[in-house]
Amino acid sequence: MKIYIADYSGFCFGVKRAVGILENMVKNGEEAYTLGPIIHNPQVVEYFTQKGIKPIELNDLDSERKRNVVIRTHGIEPGLEKLLKDKGINVIDATCPFVKRVHKIAEEISKKGLMLIIIGEKDHPEVIGIKGHCFGKCVVVENKSEAEKVDNFDKAAVVVQTTQTQENVDKIMEILNQKGEIVEFYNTRCDATAKRQDAAKKLAKMVDVMLVIGGKNSANTNKLAVICEKEGARVYHIET
């Protein structure tokens, strides 16, 4: 039996950066909380919980004094960041730089008065954060069927959740282009994500079985599993 490891496997730059921030805090003996899981990987979250850096939700902030709160890789909306700082909390921002770029684009689109369409999963924290940086009309579209339900519009701009597949983006854009004029399109898929998805797709064509290792609550990892299944490989999504 031959075992192959896909190119670009492992943590991406944004996750490595966030994990590195927490590792440094552990090394320096700093106490901290993460607003939600730092990344969508239960084993990593449990590792840092054992080291004293625990995930909390927004309603937990008032239950006890919390000095340091780390913003997870997915980012948050500006109003929430202000709320944290108004509570006297030291905010440590571990948002992925690629996600921060989408935040900036969303703000610029809003300043132009354009309707913003986000291609992504509406309940995903990354998309919630992007939406929070838009102060004009904003629509989230997850798939082709949702795109078909979008009302006709005059002009709009589009950004993309960083973990989306190119296939899904193409299907949605085909529909949106029939609904109105897309004056600005930013394919903000993360380059590392795109390379990992392409590598997994290529390898899945060559093998009988694919093991996709990562959090089952991870949009990124779940998409890798779906991509591999479409290529005909027998896929096992495993965490441990």
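A helix axis here is a line fitted to C-alpha atoms over the stretch in contact, and the angle between two axes runs from 0 to 180 degrees between N-to-C directions. The model described in this report is a predicted one. Two packed helices are described by the angle between their axes and the distance between the axes.

In these terms, helix 1, covering residues 13-27, and helix 2, covering residues 42-50, have axes that come within 11 Å and cross at roughly 15 degrees. Because angles under 35 degrees count as roughly parallel, helix 1 and helix 2 are roughly parallel to each other. The crossing of helix 1 past helix 2 is left-handed. Helix 1 brings Val 19, Leu 22, Glu 23 and Val 26 to the contact, while helix 2 brings Val 44, Tyr 47 and Phe 48. Of the residues in this contact, six are nonpolar, none is polar and one is charged.

## The aromatic pair

Which kind of aromatic pair do Tyr 47 and Phe 48 form? A search of the whole structure finds one aromatic pair. Its members are Tyr 47 and Phe 48, whose rings are 4.9 Å apart centre to centre with 75 degrees between the planes, an edge-to-face arrangement.

Both residues also take part in the contact of helix 2 with helix 1. Tyr 47 is partly exposed, at 38% relative accessibility. Phe 48, by contrast, is buried, because its relative accessible area is 2% and buried means under 20%.

## Helix 4 and helix 5

Helix 5 spans residues 125-132, and its buried residues are Pro 125, Glu 126, Val 127, Gly 129 and Ile 130. What covers these buried residues? The cover includes helix 4 (97-111), together with strand 5 (115-119), strand 6 (138-141) and strand 7 (155-160).

The axes of helix 4 and helix 5 come within 8 Å and cross at roughly 30 degrees. Helix 4 passes helix 5 in a right-handed crossing. On the side of helix 4, Val 99, Val 102, His 103 and Ala 106 meet Glu 126, Gly 129 and Ile 130 of helix 5. By class, this contact has four nonpolar, two polar and one charged residues.

Helix 4 also holds Arg 101, which is partly exposed at 46% relative accessibility. Arg 101 and Ile 130 lie 29 residues apart along the chain, and their C-alpha atoms are separated by 9.8 Å.

## Helix 8 and helix 9

Helix 8 (residues 191-204) and helix 9 (residues 219-230) have axes that come within 9 Å and cross at roughly 30 degrees. Helix 8 is therefore roughly parallel to helix 9. The crossing of helix 8 past helix 9 is right-handed.

The contact is made by Thr 193, Arg 196, Gln 197, Ala 200, Lys 201 and Ala 204 of helix 8, and by Asn 220, Lys 223, Leu 224, Ile 227 and Cys 228 of helix 9. In the contact of helix 8 with helix 9, five residues are nonpolar, three are polar and three are charged.

## A residue before helix 1

Ile 3 belongs to the segment before helix 1. Is Ile 3 buried or exposed? Ile 3 is exposed, because its relative accessible area is 68% and exposed means over 50%. Although Ile 3 and Val 209 are 206 residues apart in sequence, they are 9.6 Å apart in space, C-alpha to C-alpha.

Conventions
Residues numbered from 1 in each chain as written. Predicted model: local features only at pLDDT ≥ 70, side-chain atom pairs only at ≥ 80, totals over all residues. Heavy atoms only, no water. Phe/Tyr/Trp six-rings, centres within 6.5 Å; stacked < 30°, edge-to-face > 60°. Buried < 20%, exposed > 50% of the residue type's maximum accessible area, 1.4 Å probe, protein only. Helix = DSSP H or I, 4+ residues; strand = E, 2+ residues; numbered from the N terminus. Parallel < 35°, antiparallel > 145°, perpendicular 65-115°, else oblique. Left-handed = near helix turned anticlockwise from the far one by under 90°. Contact = heavy atoms within 4.5 Å. Nonpolar A, V, L, I, M, F, W, Y, C, P; charged D, E, K, R; others polar.
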